[in-house]
Amino acid sequence: MTKITRGNPPNLKNVRASVYNHFIRVDNPSTLIFLSGQLSRDANGDLVGAGDMAEQTRQAIRNMQTVLEAAGGSLSDIVSIVVYTTDIRQFKEIVAARMEFFKDKLPTSKIVEVNHLADPGLLIEFQDTAAL
């Protein structure tokens with residue numbers, strides 16, 4: 001039986017405890033799902049939210065949800081997220097949009113600023129791992 005323990009050491013402050021946990025321990029996972037990078041594209045592959053970091057974040061997360069559901073999981077199964085953004089100055093917009101989807105069962109998280117993503121106009125990309 002899969003057991004997922006999420007936590008934060010008492011002697012290491014989590015300054016964004018509403019967004020992530022310092023660790024997630026997964027004992028006896030029955031299934032691991034590794035998602036490819038998810039971008040702000042709709043079902044037809046067209047860019048959603050041109051110039052709008054919050055909307056691009058929402059669309060990428062909606063795509064994560066679609067992929068996970070197709071694989072038998074859900075957003076609450078995500079244990080690790082890596083965020084790539086072209087503008088770290090919009091960190092607050094990214095966090096606010098993420099919090100619309102992740103209210104509890106928070107994953108571990110890392111955010112990295114990059115020069116650019118696969119196509120012009122893309123501002124954010126998520127890479128995730130889920131455990132069932």
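**Close-up views of a predicted model**

**View 1. Asp 77 and its contacts.** Setting aside neighbours within four places in sequence, Asp 77 is in contact with Thr 129, Ala 130, Ala 131 and Leu 132. This structure is a predicted model, so please read each view with that in mind. Asp 77 sits in the loop that links α1 and β4.

**View 2. Strand β6 and its partners.** Here we turn to β6, which spans residues 124-131 and has 7 of its 8 residues buried. Strand β4 (residues 78-85) pairs with β6 in the antiparallel sense, over 7 bridges. In this pairing, Thr 85 stands opposite Ile 124 of β6. Strand β3 (residues 32-34) is also antiparallel to β6, and 3 bridges join the two. To find your place in that pairing, look for Phe 34, which stands opposite Thr 129 in β6.

**View 3. The largest nonpolar core.** This core has 18 residues, and those touching the most other members are Met 64, Leu 68, Leu 75, Ile 78, Ile 81, Phe 102 and Phe 126. Two or more residues come from each of α1 (53-70), β4 and β6. Which element gives the largest share of this core? Helix α1 does, with 5 residues. In soluble globular proteins, nonpolar side chains tend to be buried together.

**View 4. Leu 75 up close.** Staying with the core, this view picks out Leu 75, one of the residues that touch the most other members. Apart from neighbours within four places in sequence, Leu 75 is in contact with Ile 61, Met 64, Gln 65, Leu 68, Phe 101 and Phe 102.

**View 5. Ser 40 in its loop.** Ser 40 is found in the loop between β3 and α1. Why does Ser 40 count as buried? Its relative accessibility is 0%, and the cut-off for buried is under 20%. The side chain of Ser 40 reaches the backbone oxygen of Val 48 at 2.5 Å. Beyond its neighbours within four places in sequence, Ser 40 is in contact with Asp 46, Leu 47, Val 48, Glu 55, Gln 56, Gln 59, Ala 60 and Leu 122.

Methods: Residues are numbered from 1 along each chain as its sequence is written. This is a predicted model: local features need pLDDT of at least 70, side-chain atom pairs count only at pLDDT 80 or more; totals for chains, interfaces and linings use all residues. Side-chain values use heavy atoms; hydrogens and water are left out. Buried means under 20% relative accessible area, exposed over 50%, partly exposed in between (1.4 Å probe, protein chains only). Helices (H or I, at least four residues) and strands (E, at least two) are DSSP runs, numbered from the N terminus. Two strands pair if DSSP finds at least two bridges between them. A nonpolar core is a set of buried Ala, Val, Leu, Ile, Met, Phe, Trp, Tyr and Cys residues joined through side-chain atoms within 4.5 Å. Contact means heavy atoms within 4.5 Å. A polar contact is a pair of N or O atoms within 3.5 Å; within protein, one must be able to donate a hydrogen and the other to accept it, and residues adjacent in sequence count only if both atoms are side-chain atoms.
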